[in-house]
Amino acid sequence: MVDIDAAIGFVVAHGDPVDRARLSWLRTGAPPPADVLDTAETGQLPDGGWPARWENGVASVDATCFRLAELDDLGALGRPAARKALDWLAARQRRDGTWEEDESLAPDAPPWARPGDLEAQLYLTANAGFWLTTAGLDARAAGPLDDRVGGVYAGVVYAAAQALANHLRPDGTWPSYLATGWLSAAVLYRQTMFYESARIQTVLNERLPEMSPGDVAWLAATLRRVGVAGDDWTLVSARRRLAETQRS
């Protein structure tokens with residue numbers, strides 16, 4: 001049994017204002033203070049992306065996805081800053097449906113965002129595709145492909161899903177990081193590619209016992225965000241794993 005009250009108390013006692021505001025939004029839907037939102041949006045570049053490092057002024061796909069995750073947890077994905085960032089992500093998609101960081105970021109990029117690396121390319125594609133999918137759930141349709149899932153980003157998300165599915169191996173595994181798996185499963189699920197998504201989820205379920213609590217929480221939140229049912233076997237296993245790993 002998870003002790004939710006103890007977890008809440010820990011965040012309230014030890015978290016910063018952004019942590020507490022995220023917790024409050026997720027629990028009760030309480031709007032965050034304006035200064036917290038300003039902090040979460042700090043550093044956005046004129047083109048809409050966020051840089052990985054302030055001094056270079058080059059927008060990063062990875063950093064922008066991270067900021068969108070923070071804004072989503074604050075209920076702020078519909079704010080102008082988030083919409084501008086999503087438009088930037090959509091415009092950055094390559095012709096084959098994938099994303100890759102700017103070449104100028106190569107010297108300092110972490111392994112999961114290194115230009116020219118297939119593992120990094122698939123991770124960034126799954127991550128960007130997920131946030132464009134999430135944002136598109138409530139977005140106004142405005143284009144020839146908008147009958148597909150994804151609202152204003154429908155065509156972009158469709159191309160991302162196809163690129164991810166093309167790299168899925170017969171056994172359901174993928175040539176990239178663990179997180180690429182649950183992000184891809186979410187994108188494919190929303191594209192009604194249920195068979196491909198289920199194959200990935202089968203592999204994830206097998207790996208759950210060895211996952212860190214942080215990864216398990218990220219996996220579960222990702223799948224729930226795109227509408228996977230709470231009684232789905234992967235999510236049931238995830239909650240069980242979180243219950244087993246909570247500390248006193």
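Biologist: At what angle do α8 and α9 pack, and how far apart are their axes?

Modeller: Start with the general idea. Two packed helices are described by the angle between their axes and the distance between the axes. Here α8 (178-190) and α9 (residues 194-207) pack at an angle of about 150°, with axes 8 Å apart. That makes α8 roughly antiparallel to α9. The cut-offs are these: under 35 degrees is roughly parallel, over 145 roughly antiparallel, 65 to 115 roughly perpendicular, and the rest oblique. Axes are lines fitted to C-alpha atoms, for helices over the stretch in contact, and the angles run from 0 to 180 degrees between N-to-C directions. This is a predicted model, so local features need pLDDT of at least 70 and side-chain atom pairs pLDDT 80 or more, while totals for chains, interfaces and linings use all residues. Numbering starts from 1 along each chain as its sequence is written, and side-chain values use heavy atoms, without hydrogens or water.

Biologist: How are the helices themselves assigned?

Modeller: They are DSSP runs, numbered from the N terminus: helices are H or I with at least four residues, strands E with at least two.

Biologist: What is the handedness of the crossing of α8 and α9?

Modeller: Left-handed. The term applies if the near helix is turned anticlockwise from the far one by less than a right angle; clockwise is right-handed.

Biologist: Which residues meet there?

Modeller: Contact means heavy atoms within 4.5 Å. From α8 come Leu 178, Gly 181, Trp 182, Ser 184, Ala 185, Leu 188 and Tyr 189. They meet Phe 194, Glu 196, Ser 197, Ile 200, Gln 201, Leu 204 and Arg 207 in α9. By class, that contact has 8 nonpolar, 4 polar and 2 charged residues. Ala, Val, Leu, Ile, Met, Phe, Trp, Tyr, Cys and Pro count as nonpolar; Asp, Glu, Lys and Arg as charged; the others, Gly among them, as polar.

Biologist: Which residues of α9 are buried, and what covers them?

Modeller: Buried means under 20% relative accessible area, exposed over 50%, and partly exposed in between, with a 1.4 Å probe and protein chains only. In α9 the buried set is Ser 197, Arg 199, Ile 200, Gln 201, Val 203 and Leu 204. Their cover includes α8, α10 and α11. An α-helix has 3.6 residues a turn, so residues three or four places apart point the same way.

Biologist: How do α9 and α11 cross?

Modeller: The axes of α9 and α11 (residues 233-245) come within 10 Å and cross at roughly 20°. The two are therefore roughly parallel. α9 passes α11 in a left-handed crossing. Ala 198, Gln 201, Thr 202 and Asn 205 in α9 meet Trp 233, Thr 234 and Ser 237 in α11. This contact has 2 nonpolar, 5 polar and no charged residues.

Biologist: And how do α10 and α11 cross?

Modeller: The axes of α10 (residues 213-225) and α11 come within 10 Å, at roughly 150°. That makes α10 roughly antiparallel to α11. The crossing is left-handed. The contact residues divide into 9 nonpolar, 2 polar and 2 charged.

Biologist: How many residues of α4 are buried?

Modeller: In α4 (residues 61-73), 11 of 13 residues are buried. Among them are Val 61, Thr 64, Cys 65 and Leu 68. Leu 89 touches these four residues too, and also Trp 99, Ala 128 and Leu 132, not counting residues up to four places away in sequence. Leu 89 lies in helix α5 and is buried, with a relative accessible area of 0%. Leu 89 and Ala 128 are 39 residues apart in sequence and 6.8 Å apart C-alpha to C-alpha.

Biologist: Now loops. Are Leu 74 and Thr 192 buried or exposed?

Modeller: Leu 74, in the loop between α4 and α5 (80-92), counts as buried at 1% relative accessibility. Beyond its neighbours within four places in sequence, its contacts include Val 18, Trp 25 and Leu 37. Thr 192 sits in the loop between α8 and α9. Thr 192 is exposed, with a relative accessible area of 52%. Its phi is near 60°, a positive value in a residue other than glycine.

Notes: The expected span of a helix is 1.5 Å times one less than its number of residues.
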